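Open your viewer and get ready to click along. Each stop on this tour names something to select and then says what is there.

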Amino acid sequence: MNLTSAIGRKKIRTKVLLLLVAAILAVSGWSTGVTPALAASAPVCGTGDHGLLKELQQKHMDAGSSPLSFADIQFLSATTGRAAGNGFMIGTSDGGCTFQKIYEGQWSFRTIEFPDNVYGWALASVQEGQPVYLIRTTDGGSHWKRLLSGPVSFTKIQFTDRGHGFAYDRAFAYYTADGGENWSKIPTPPNTRGAVFTSRSSGWAVTVVPGAGYRVMKTTDGGKSWALKLKSAFSDPIGAEIYADGRQVWAVLYGGSGMSQTSYSLYASTDGGGKWRRVIAQSTAGGGPAPGSGSEGLAKGPVSGKPGNMQLAGGGAFLLGYSPAGEQVGVGRSYTGGKQWSNLPGIPGFDGVISFTGAKEGWLAVRGLERSSLYATQDGGSTWKLKLFFKTK
């Protein structure tokens, strides 16, 4: 063996060893500190539909049924979450740079609820317009099992962990301690039209008094007794939504609807219902006056439209607004418990749903005339960045 060939073979062995070490460290998540040429290139973010569900979309188009659209979204963090709709569920774990198909099948999702990244529940029907069932997954959403023996009246579900949760319909609240296998009814006041519980003992309900208006009630003993916390006068009360997080409580009280317009009032309390502020009192030509009277906040809500869902996250309160006639979707927000409120610029669409995970980080699914889209924000809804869309035409 001559000296030159020996040195050459030694150099080759050294390079191979360096590459193996770099590969091992990369897999373990550590930076190698070796030359940049050995570093893995950053993933390229996808656009459009990310190549997902093309066959399902075509199947819907060929059958003349509704194109793919988002019914609900839920994010656990600014980077990780899910979006579901008619026959599908997709997810991302890198802030929308890439998406993966989680589920494709018979279930048409209406509401999804994941307390963690593995266990989840949903309200879904086999086809749109058919009875709704409660279903559960134990593998992140890939497979679903129907719970209970038949359809449910639930319109909203809320789980605090893998075992404990609440469900609500138009008039009642329910509780489970075994992951949804069995439910018990929680006593609510007569004529309840919206409720929420923050624990098994603590909860809120909005009731209607025909001809008089709305009443916001509070329980601290699991529904055995209820205390009046707010009255809002209105001649024809019909329904409400209520949201709570700690001592923050927000109530959306609906007025009338007409001409693609809805009147409503948004009330806020920062001390567990002791004092209230009417943050928004939106009266419309088609829907008439907003519920309540006296001191008012803003005369218009986000995009001067109908109120959508609300999120309390990171100390902030975020309300979706959508205007079918104006073809705008946007959010309003407050970081001061309603003392200051900002209606932010809208984006094209006719309705949607929000999921905020912090004071600034949030997601928005929008249904539009030509596409169903998923957006993300890093500035509390002031601006939105398109992450994925399915064409509807």
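Is valine 249 buried or exposed? Select valine 249 and show its surface: the residue is buried, with a relative accessible area of 0% (buried means under 20%, exposed over 50% and partly exposed in between, using a 1.4 Å probe and protein chains only). This is a predicted model, where local features need pLDDT of at least 70, side-chain atom pairs count only at pLDDT 80 or more, and totals for chains, interfaces and linings use all residues. Residues are numbered from 1 along each chain as its sequence is written, and side-chain values use heavy atoms, with hydrogens and water left out.

Valine 249 belongs to strand 16, residues 248-258 (strands are DSSP runs of E, at least two residues, numbered from the N terminus). Beyond its neighbours within four places in sequence, valine 249 has contacts that include Trp204, Tyr267 and Trp276 (contact means heavy atoms within 4.5 Å).

Next, select threonine 111 in strand 3, residues 100-113. Threonine 111 is also buried, at 17% relative accessible area. Among its contacts outside the four places on either side in sequence are Asp72, Trp121 and Ile157.

Last stop: the open, antiparallel sheet of four strands, ordered 7-8-9-10 (two strands pair if DSSP finds at least two bridges between them). Its edges are strand 7 (156-159) and strand 10 (184-186), each pairing on one side only. Between them, zoom in on strand 8 (165-168) and strand 9 (173-176), joined by four bridges. One of these links tyrosine 168 with alanine 173.
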